[in-house]
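Dear colleague,

Please find the structure below, handed over for your use. My findings follow it.

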Amino acid sequence: MKGLPVLSLLLWTCAVYFVGIYLFVGGFLLVRLEVNRTSTCGDVLNPGEEPTDFCRSQPRFRRAVILIIDALKIDFARFDPTKTAPKPYENKLPVLEDTVSSRPSQSRLYPFRADPPTTTMQRIKGFTTGSLPTFVDVGNNFASSAILEDNLIHQLGQMGKRVVFMGDDTWESLFPKKFHRSLPFPSFNVKDLHTVDNGILQHLYTTMVDDDWDILVAHFLGVDHCGHRFGPDHPAMADKLTQMDEVIRSVIDRLQNDTLLVVMGDHGMTDTGDHGGESQKETDAALFIYSPSPIFPGPPSQNEPDVVPQTDLVPTLALLLGIPIPYSSVGQVLLPLFPPHGQTEAAVVGLSQLEALWINAKQVNRFLETYSSMAKDIPPDSLSQLKDEFTRLSSEYLSSIREGRSPSPQLASSLQAYLTSVRDTCRATWARFNPLKMGAGLAILAFACLMCLVLSELSLALIRENEAGLKAPAAVALTAGVCVAAAQLLTQGYVDLVWCLAAGVFSSQLLFLWRACLLNTPMVLKNGTKSPKYARWLTPHRLIVPSLVVPLLRCASLLSDSYVIAEGRVVTFLVFSLALYIPIHLNWDGLLLPPSHDPLKSAGLLPSPALSPSTVRKESSTLLACLGVLIGSLYLSLSFHGCREEQGFCQPSPFLSPLSRLQDTQLKNLHYILSVISLSTYTYLLRHYLCHYGNLNSSGGTVFTARWILPLLSVCLGLHWAVSATPEDSFRNLAELIRLAQLALPRAAFCLLGLGLSLIWLDPLTVFVKTRATASARSSHLPPPRYRASTGISPQAELHHLIPQIYQRMRRSLDDGELCGGGEADNRPAVEAYGLGTVYSAPVLLFSGLLGIGLLLLHPEGMALSFLLLLLEMGAILHMHASSTTLSGLHGAYSGGFNVPWTPVVLWSLAATQFFHATGHLPTFPSIQWGAAFMGFPNGHTGTILPASMVTFNTFASHILFAVGCPLLLFWPLVCEVRGSRGRAYGEEGEDAVMEMRLRENPQQFSSALLQLSTRYLFIHGAQVFSSVCAAAILRRHLMVWKVFAPKLMFEASGFLVSSVFLLIGVTLVLRVDVAVGSWFKRLIPDSSR
């Protein structure tokens, strides 16, 4: 088998796709230019005064306590006394409502609206810099880097304010060495509800009593972690909110008159406790402001804002504390916190509303001028209009100050409207698309899809003509990259590696397609003439077939936001439709039922059918039974879907919640029993297949994995589920043992998984050689023994799956031995090789199955049944493909070779997408199951690579399993083949089925079939990525682009990357098995017979 050309072509194809995706994403995702300038005290000058230091004037507040309760949504903060039976998260913070109602001049409660993405790091960045985030910022939540833009923490430090921080350690990475004193606690373990909060409470009150601080920031995480672990509707949430209520009361009692208290949430949460998206439940947090001295003119009036944007907190706090507004802030001051112009009492120091608005507008205009001079993404018309408006307002305000008259009442409203217009303009235009990069990425992806199609249709010709080498494309790519780099140096003075890479990849694509067009692949037509090049594959009737029309229609529908929203159910319907097409197509061709009796055939005037009627009926029954299993799996898999925000009446699957969230003990026990039964059935089916085909008789590493590691891994998983479901307040005497088990069991499972996968890779053979008689001493001149290869140890399996010929070379050596008069009568032993007929499929299936259990460990316990359905659907597709191939042998309909048709490949790829949804995932960021990062690591990680990898494995588990198991589509028809189903091209009439040993007899066809299968699978997924890219490019100004199309693009591209990597792993495992089989034959056959 030519393994190196196959692997090199696949690696090159994947690399081309990767470059195309990288180019488009680099030009599409929004990246706002950061202005690295800092405000100074001299910038903030009150109009009409001599230049003075603004920072030296007495601020309204000398101190501030900022309590950040992570995920404090506004619903948690409201109090409704009419509710007699409130939910666990309702009416648990009465201190806020009590304070606002009893002290209206000292406190306010507002909805506090965040800009998406609603992840903690981006929210901290938003309410400290006052800037707006971009879509690409969501990817930085794993790796928080220091904030370089001007921010409140930096300005406070410049002013000599002593900032003390305690809580979420994200602040330490965002503001390194910026705090006077800090007490960070590990934050990313969402199962830990108390470590951060208890750590804060140990120091909060003592710090407030001391005089060694000016600004105190405390970031609590218990509410957010409780939402992630249990959801908001859980008694644990009531306990957490009650604890926060007590904290706020205690802090209020300790405040001094010159201290401002700000209690806020950084974001909200969905009904399942997640966040990250832009739904109102995720963006609307709570903002509570309190001062022991009066700060508001009276009770809330109609002029007060209904919602406060998070960016508005930055200029408000800056002016109240007497520091400059950060340079890049686009927020506007919260006017109720400043007295009206001309009504400032002598006892109250600080700025009036109009003065605060003027300073705010001047700062925003300065930022707008600086930014527009550095970047050209703000439309000139909008920019000119905003500048003219500021000039008009500035002239009106300054003239009134110089003339000593009161400004017009409309001036404050005009300044507010100006600030709102600036923010809206920035939000609408901070979309720095790079059309050139996007176009280059689209072109490379389009040619990559065409290249995949060429590879899949001409795989045999490429292998046979030895044209699979990549030396010429690699040389052309290198030359093109160097030329572009030299041109950049000459014209620009620097080298942009992205364009060098793009030029190299594009030139190699063009060269490959040109060489493919010149490839001589003549084919004999029925009239005896030779067909022209490519007449067989570049035709509509070969490309426009139902099995290809289905994925192409799906790709076209990705331009619809409604389809993307309902994709889970639509893909399930497509799988059902395409599966139903298989028996309908066979019946249309007259292959599903036995042919009717024809006297001409019985007289020998027409050829007899290759399969007997009983065999046809058996295969048809198998196909229809597997279709029933597939339909049942599809129907049950709908019970595991999650819900998007846009699906208003949708209820998420109860199986998505961990057992620890369930409060009903009977329901929890029922879910656990169902999960254990599903896991046991999953393990049993894997072992049953291996045992049935005789793959558990040897003593190799793969067999050891199947016999011991597989069941042990399942036992670890079942025990882990039991321990994780145990409530924390149960078995208090065993609390330490339970915590140890929660740490040890997942790690033991990971170790077993790693050991099992390594053993399969190192020793993949599952062949057992059995000597039926004691070997006598033999001379070197004796002919070789007669070997028989069987797949089962039992007599029934031996009779049913007997393989009399191992492969061509061995068969010739056996024939030579028989001609010399050898036989069992000569006392030479007859050898049977058990498991040889499934020598390729057994390790691939075990590798996929073992990996499936490992991926199940990263999911909630209820997903065990979904993974079992995944295994059943895999088996149903494989058996339907095998039966269809067998039935196609009727009347010589079988086309020869090992090529896998488009239909099973499309089914396989669609099933990967279908089970992406059936394992509770959605192409939205709030649906990411972040808890997978802490499976076995409850105390968090020191780096970001491991947790990011674990979350990736959790999210794309179905893509991983179907990609690794893709070679099974090539092997399964051989495993299930029936005698004579492949005509007489491979053996004589009446020859027994030799199963996967046919691959050894035809190494060229083996290589080409593996290459064709892999490229077809890549083509389907690559076409989906290309269509997602087109949708994002065409609809980049669509209202739903950042809510629907951009996340879909990110998930589709990530899924393709993961699928490509694990498809390469699966193909490499097949090549590893082939090398091991070759070495085994060399050891088995005596030198004299080679």
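At what angle do the axes of helix α27 and helix α38 cross, and within what distance do they come? Please note that the model is predicted. The axes of helix α27 (residues 735–762) and helix α38 (residues 1041–1084) cross at roughly 45° and come within 9 Å. On the α27 side, the contact is formed by I760, W761 and L762, and on the α38 side by I1065, T1068, L1069 and R1072. Classified by residue type, this contact of α27 with α38 comprises five nonpolar, one polar and one charged residues.

In α3, the residues P94, V95, L96, D98 and T99 meet D245, I248, R249 and I252 of α9. The contact of α3 with α9 has five nonpolar, one polar and three charged residues.

I would also draw your attention to Q106, which is located in the loop between α3 (94–102) and β2 (107–113). Q106 counts as buried because its relative accessibility is 13%, where the cut-off for buried is under 20%. The side chain of Q106 reaches the backbone oxygen of P292 at 2.7 Å. Leaving aside residues up to four places away in sequence, Q106 touches I289, Y290, S291, P292, S293, P294, I295 and F296.

Yours sincerely

Note on methods: Residues are numbered from 1 along each chain as its sequence is written. This is a predicted model: local features need pLDDT of at least 70, side-chain atom pairs count only at pLDDT 80 or more; totals for chains, interfaces and linings use all residues. Side-chain values use heavy atoms; hydrogens and water are left out. Helices (H or I, at least four residues) and strands (E, at least two) are DSSP runs, numbered from the N terminus. Buried means under 20% relative accessible area, exposed over 50%, partly exposed in between (1.4 Å probe, protein chains only). A polar contact is a pair of N or O atoms within 3.5 Å; within protein, one must be able to donate a hydrogen and the other to accept it, and residues adjacent in sequence count only if both atoms are side-chain atoms. Contact means heavy atoms within 4.5 Å. Ala, Val, Leu, Ile, Met, Phe, Trp, Tyr, Cys and Pro count as nonpolar, Asp, Glu, Lys and Arg as charged, and the others, Gly among them, as polar. Axes are lines fitted to C-alpha atoms, for helices over the stretch in contact, and angles run from 0 to 180 degrees between N-to-C directions.
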